[in-house]
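Please look through the sequence and the model below before reading on. The paragraphs that follow go from single residues in loops and a helix to paired strands and then to the whole chain.

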Amino acid sequence: MSNSQLWKYCTKEQCQDFILSLDLVPHSAGMSREKQLACLYMLSNRGAENYHKEILTKKDGGTRTLMVPCSLLKAVQRNILHHVLEQRPVSDCARAYRKGTDILANAGPHTGRKQVLKLDISHFFDSILFPRVISAAFPDTLFPPAAAALLANLCCCRERLPQGSPASPAISNLVMRPFDESMRRWCEARQIVYTRYCDDMTFSGDFDPAAVYHKVKSYLEAMGFSLNEKKTKLLKDGVRQSVTGIVVNEKPQVSRDYRKKLRQEIYYCMKYGVTGHLERLREKTGNAVEEQRYICSVLGRIQFVLQVNPEDREFAEYCRIWKERFVK
């Protein structure tokens, strides 16, 4: 008998015990079980009232709308992430929102390939609906139906996965696991490298781009997703091949424009000092905390260049000088 069949013998009290065992309510020590359950069901029933919108400006001038949960719901979602979701396996092809992976791990496997095909999923998080959240993140093989419904409600806003919740990235990887694993097997049979960083999919090797494109498009449409046609790019080995911001033609390297801009910032800070440089940019706030934040930002970008290419002697020297002169 499968777990999903066993759950029908689970009493209401046993289901509640299961929910409480997940330890979702923050600072629940000394709180009665009734109050903990009431807190969770209150959050679940309020829905969109638990969220507020935040609009971010992207580098390309567009905007991204976040649905940010209230502090209590955010804490509960964070506990769902740590106590429930992080224990679930996801595909190795997923290179975002997992420990031990980053944009370098996503770009590295595509180094020195004949061609790189980049595809993007349109409205990624908004396209993940409540039923798919339940089936992928809280399946009936692992969760009593009532508990699964409560958890999915706590993680969804207006029946969709909200971008802005700490639990949403991990859920998106679980939703995409069947796609990732199917594409991995299909690509390996054709000696194609495939990785996915959130909604950015990258394929590299010597292959028929149209075949890959139509395979991905048909599979995604069956899942309720669609491709952002404007972001479809095929990069041959004769042009700059960039994957999640890292150039991969010969070896992983930060783009020339990124290095040039950072080099200029370092030069002006060395010449005028951080305060003087920010004054020249009319960005001085008179706040030492803001200046220290800028110093840390530049150091972080220098270290990113070195993370991508540890043999970069120029930026290794910048890193040494920056730490000696500005980092307190």
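Helices and strands are DSSP runs numbered from the N terminus, a helix (H or I) having at least four residues and a strand (E) at least two. The model is a predicted one, in which local features need pLDDT of at least 70 and side-chain atom pairs count only at pLDDT 80 or more, while totals for chains, interfaces and linings use all residues. Residues are numbered from 1 along each chain as its sequence is written, and side-chain values use heavy atoms, with hydrogens and water left out.

Is Ser 122 buried or exposed? Its relative accessibility is 14%, so Ser 122 counts as buried, where buried means under 20% relative accessible area, exposed means over 50%, and partly exposed covers what lies in between (1.4 Å probe, protein chains only). If residues up to four places away in sequence are not counted, Ser 122 touches Ser 127, Ser 226, Leu 227 and Asn 228, a contact being heavy atoms within 4.5 Å. Phe 225 is 103 residues from Ser 122 in sequence, yet the two C-alpha atoms are 7.1 Å apart in space.

The loop between E3 and H6 also holds His 123, which is exposed with a relative accessible area of 62%. The phi angle of His 123 is near 50 degrees, a positive value in a residue other than glycine. His 27, too, has a positive phi, of about 55 degrees, although His 27 is not a glycine; this residue is found in the loop between helix H2 (12-21) and helix H3 (33-46), and it is exposed, with a relative accessible area of 78%.

Asn 79, by contrast, belongs to helix H4 (residues 71-83) and is buried at a relative accessible area of 15%. Leaving aside neighbours within four places in sequence, the residues in contact with Asn 79 are Asp 23, Leu 24, Val 25, Pro 26 and Val 84.

Turning to the strands, E1 (residues 51-57) and E2 (residues 63-69) pair in the antiparallel sense over 7 bridges, and two strands are said to pair if DSSP finds at least two bridges between them. Thr 57 stands opposite Thr 63 in E2. E1 and E2 form a hairpin with 5 residues between them, and Gly 61 in the turn has a positive phi of about 95 degrees.

An open sheet is formed by 3 strands in the order E7-E8-E9, with antiparallel pairing. Strand E7 (242-243) and strand E9 (253-254) each have a single partner strand and stand at the edges, so one side of each is left without a neighbour in the sheet. E7 is joined to strand E8 (residues 246-247) by 2 bridges, and Val 243 has Ile 246 in E8 as its bridge partner.

For the protein as a whole, the secondary structure comes to 12 helices and 9 strands, and buried residues make up 44% of the 328 residues. Of the contacts with a separation of 6 or more, 67% are between residues 24 or more positions apart. The domain assignment gives domain 1 (12-236) and domain 2 (256-326), such bounds coming from an automatic or database domain assignment, and the C-alpha centres of these two domains lie 34 Å apart. The C-alpha trace spans about 70 × 55 × 30 Å along its principal axes.
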